[in-house]
Amino acid sequence: MRFLTQRLAQSALVIAGVVALTFVITRLVPGDPAVTYAGPRATPAQLTAVRRQLGLGASLPDQLWRYVTGLLRGDWGTSLHTRRGVLTDISTALPASLELVGCAMVLAVVVGVPLGLLGAHLRLGGGRSRGLGRWGRWGRWGRAAGDGSVRATSMLAVSVPVFLLALAVQNLFAAQLGWFPVAGEYTSKLNQTSPLEHLTHLTVVDALLTGNWPVLDSALAHLVLPALVMAAYPVGVVAQMSRAALLEESAAPHARLERAYGFSRLQVLTRFSLRPASGPLLALLALVFAFSLVNAFLVEEVFDWPGLGRYASAAITSSDAPAIAGVTVVVALTYVVTNLLVDLTQAVIDPRVRL
Amino acid sequence: MTPPRSSLTVTDLKVRAGEGEDARLLASLPHLDVAAGTCVAIVGESGSGKSTTLHAMLGLTDGLAVSGRIMVGDTDVVTAPEKALTTLRGSRVALVSQSPQSSLNPTMRLGTLMRRVLARHGIRGAVARQRADDALRDVMLDPELLRRYPHQISGGQAQRFAIALAVALRADVVLADEPTSALDVTVQAAVLQLLDRLRAEHGIALVLVSHDLAVVSRIADHIVVMRHGHVVESGPAADVLGAPAADYTRELLAAVPTLGE
């Protein structure tokens, strides 16, 4: 329990720090927010009115106080470029990003872990059968090549810059081959024929919940390419790490005992090593999650995805301080919450971890 | 009384690392016969090949070249296919390893491990529960321990539990790899007594590997002394301890601390 309270206090401190930092940074952004808001042809009288409306006249501590209490009340200020509440903007943009990041994380676990398992198994001499001659079923070189290609693939997935991959994939599969739509979240024409009712702002989920099949169909087709691009790095990292963690576990004394009690190499890997290895993997997933949220900024630009990244880059190019601050706070919050969740799950997975 | 059946017979065993001319001999054991209900000790310093020999008896020498014959009943561990070996390991030949606590899976309750190990050899349900309870009673552990994780029990309890696994599976041959070296002196004596009692009561063929002649002198019927992969001396415990033939054995004996000197 003490650990949990400590972690909660730490998280609160991190959030407070981020809030203070965003406040300071937004005051340092070049340009006068009032001018941005009121437009280039505003009269001095209008500017003064806007300054008062945006609370720019007050002293800095006063502004900070108003900013913090505003955040807590859900008043995150007004975006200068969309003219809507920042929180409203974020509540539609964040789910779109989470859709991409969520797909990437699911693929990271569903594809990355089995890949790592395969690599570790081949590395340990799995698939060898003494009955079938000197080289066995896979053959020594077959096993080495199998493990090697798992490693090479994951290395490649990790090291290709995500924007490059996004452009390449978009060009090949959407523009050249036409297998998938080029950009967007779903075909906007559908807004007239079968308008989507927003419940969670996760398009796929909303379409599924309201039974809006045309939108679901279109949304899934639009999701494939950006989700795959987003998944490349997580899948690669998770494959590499799970391979390494499983190899380490299978060299642990407990693995020898398990083999001595009649379990095969593969059984030791899947039934006995996966769980002790998942502690470090989970910590990695939290990091990858945060990293993917940032990667989404680039992928969303390429695929014209209405997510947090595109919102942020529009905010940055128009010196939209409240929006930039809002996005920063949301990213920090997501990061802190993810880490807390990981700590909690780790305690469930590994009995040695105490909360 | 029935004549003692031979549970484990080793003939011309050689374990090598590498192939061809570069091959390095890790362990060689010309002959060893372990009858049911007897204890054979393999003694030597680290690197003498005693643990390698033990692992060869389980067919767990990954990447090493093994020649000769290791007969467990009528199965030859050296030539048997992997599938036959996975059935043999645990049910016929069981291992009690050096570091009891780290040898138990840290994320698994003892009861789960026991259940999985029994299920691996086709023992499930009420029979499995009965076997587990009996085995724990046999090694004098509270069945309540099954609900604990390895880090919640002591080293001695962990070693007793490891022995209970072998008892629950009714293994004919128990291979104990330095079973006491990680334990306190008082706990060492208790674990040795336990192994000795189980050998007598269940007719287990016990192979005890140790670097410590003092440990093996208490329970071994036959002692094999190994050095640099070769057998230096082999004979009944009384002879080896009382009138050692090899200089190396005398050195080992001299290293054993005795009381009152």
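The end C-alpha atoms of residues 281–303 of chain A lie 30 Å apart, and this span is 100% helix and 0% strand, where helices (H or I, at least four residues) and strands (E, at least two) are DSSP runs numbered from the N terminus. The model is a predicted one, in which local features need pLDDT of at least 70 and side-chain atom pairs count only at pLDDT 80 or more, whereas totals for chains, interfaces and linings use all residues. Residues are numbered from 1 along each chain as its sequence is written, while chains are lettered from A and ligands numbered from 1 in the order in which they are written.

The span 281–303 is one of those that UniProt, in an unreviewed entry, lists for chain A as "transmembrane region", the others being 12–30, 96–120, 156–180, 219–239 and 323–342; UniProt positions are given in the numbering used here, feature names are shortened, and annotations may be inferred rather than shown by experiment. For residues 323–342 of chain A, the end C-alpha atoms lie 29 Å apart, and the span is again 100% helix and 0% strand.

Within helix α12 of chain A lies L284(A), which counts as buried because it has 21 C-beta neighbours inside 10 Å. A residue is buried if 20 or more other C-beta atoms lie within 10 Å of its own, exposed if 12 or fewer, and partly exposed in between, with C-beta atoms placed from the backbone. Not counting residues up to four places away in sequence, L284(A) touches V237(A), V238(A) and M241(A), a contact being a pair of residues whose C-beta atoms, placed from the backbone, lie within 7 Å. M241(A) is 43 residues from L284(A) in sequence and 8.3 Å from it in space, C-alpha to C-alpha.

V299(A), leaving aside its neighbours within four places in sequence, is in contact with L100(A), V162(A), A166(A), P226(A), V229(A), M230(A) and W305(A). Together with L165(B) and V207(B), V299(A) has the most contacts inside the largest nonpolar core, which has 162 residues; such a core is a set of buried Ala, Val, Leu, Ile, Met, Phe, Trp, Tyr and Cys residues joined through C-beta atoms within 7 Å. Helix α10 (residues 213–250) of chain A supplies the largest share of this core, 18 residues.

Where the two chains meet, 21 residues of chain A are in contact with 25 residues of chain B. On the side of chain A that touches chain B, α11 (253–260) and α12 (265–303) each supply at least two residues, and α11(A) gives the most, with 6 residues. The predictor gives the complex an ipTM of 0.87 and a pTM of 0.80.

Chain B has 9 helices and 10 strands, and 46% of its 261 residues count as buried. Its C-alpha atoms fill a box of roughly 50 × 50 × 40 Å, taken along the principal axes. Among contacts in chain B between residues at least 6 apart in sequence, 67% join residues at least 24 apart. UniProt, in an unreviewed entry, lists residues 8–253 of chain B for "domain: ABC transporter"; over these residues the chain is 38% helix and 27% strand, with the end C-alpha atoms 27 Å apart. The mean pLDDT of chain B is 86, and 96% of its residues reach 70 or more, pLDDT being the predictor's confidence in each residue, from 0 to 100.
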